[in-house]
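Reader: I have a model open and want to go through it with you. Can we take it piece by piece?

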Amino acid sequence: MTDEKTPAWLHGHAHEPNPEPPTADPSIILRRPDGSEVFITPEDLQRLPQCEVADCYIVSTGHGTSGPFCFTGPRLSDVLQAHLVGQGWSYVDVVSADGFGNRVTADELRASTRRPILLAIARDGQPLQRAQGLVRLIVPDERDDALRQVKWVARLDVH
Ligand SMILES: Nc1nc2c(c(=O)[nH]1)N[C@H]1C(S)=C(S)[C@@H](COP(=O)(O)O)O[C@H]1N2
Ligand SMILES: [Mo]
């Protein structure tokens, strides 16, 4: 069964990566725990403090490993902090425009300080192109078939 609490991607079954951007629009809607929403563009993300994480690999059983890449963008924790002033939360579902997604917990965000989880807007010093996944969730050091490296982030559903 698929509802807001149990999205299909949460079951983590084998997945064929989608090579094509599902839409042209790289903007993101953040939904707060109280149901209010914020519209976020890549330009908004650019205005937050930028973090570089080098030696990132995209590991796929289907089409091998690519990298190493250096991804740049704001920390996911900074994006949430900027918009959740005074609101408690326990996890965020990062969902793409093609229905792919990954859940990040507040605990793991707090723990990922050395190689932080990013919303990447650049790769190897160049702006990330839409076809390359703009805006892309980067969970450094994840090795589970890149299931956490969500391309084309369209929604941040915070709970
Ligand atoms: N939006 C979205 N992100 C995604 C996927 C996808 O199908 N859609 N596939 C994942 C998987 S299984 C892999 S292996 C990588 C592939 O990333 P690449 O296209 O940069 O090689 O993207 C991940 N992120
Ligand atoms: Mo994958």
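Reader: Where does P68 lie?
Author: P68 lies in strand β4. Strands here are DSSP E runs of at least two residues and helices are H or I runs of at least four, numbered from the N terminus. Before going on: this is a predicted model, where local features need pLDDT of at least 70, side-chain atom pairs count only at pLDDT 80 or more, and totals for chains, interfaces and linings use all residues. Residues are numbered from 1 along each chain as its sequence is written, chains are lettered from A and ligands numbered from 1 in the order in which they are written, and side-chain values use heavy atoms, with hydrogens and water left out.

Reader: What kind of peptide bond joins G67 and P68?
Author: A cis one, with omega about 5°. The bond from L134 to V135 is cis as well, with omega near -10°. V135 is in the loop between β9 and β10. As background, most peptide bonds are trans.

Reader: Back to β4. Which strand does β4 form a hairpin with?
Author: With β3, and three residues lie between them. Seven bridges join β3 to β4 (residues 64-73), and the two run antiparallel. Two strands count as paired if DSSP finds at least two bridges between them. V53, for instance, has F71 in β4 as its bridge partner.

Reader: What is the strand order in the open sheet?
Author: The four strands go β3-β4-β8-β9, with antiparallel pairing. β3 and β9 (126-127) are the edges, each pairing on one side only.

Reader: Is G73 buried or exposed?
Author: G73 counts as buried because its relative accessibility is 0%. The scale is under 20% relative accessible area for buried, over 50% for exposed and partly exposed in between, with a 1.4 Å probe and protein chains only. G73 is in strand β4.

Reader: What is G73 in contact with?
Author: Setting aside neighbours within four places in sequence, P49, Q50, C51, L118, L119, A120 and I121. Contact means heavy atoms within 4.5 Å.

Reader: Now the core. Which residues touch the most other members?
Author: In the largest nonpolar core, which has 37 residues, they are L76, L119, L137 and L156. Strand β3 (residues 51-60) supplies the largest share, four residues. Such a core is a set of buried Ala, Val, Leu, Ile, Met, Phe, Trp, Tyr and Cys residues joined through side-chain atoms within 4.5 Å. L76 touches V92, V104 and L137, among others, not counting residues up to four places away in sequence.

Reader: What is the phi of W152?
Author: Positive, about 55°, although W152 is not a glycine. D145 also has a positive phi, about 60°, and is not a glycine either.

Reader: Why does W152 count as buried?
Author: Because its relative accessibility is 1%. D145 has a relative accessible area of 32%, so D145 is partly exposed.
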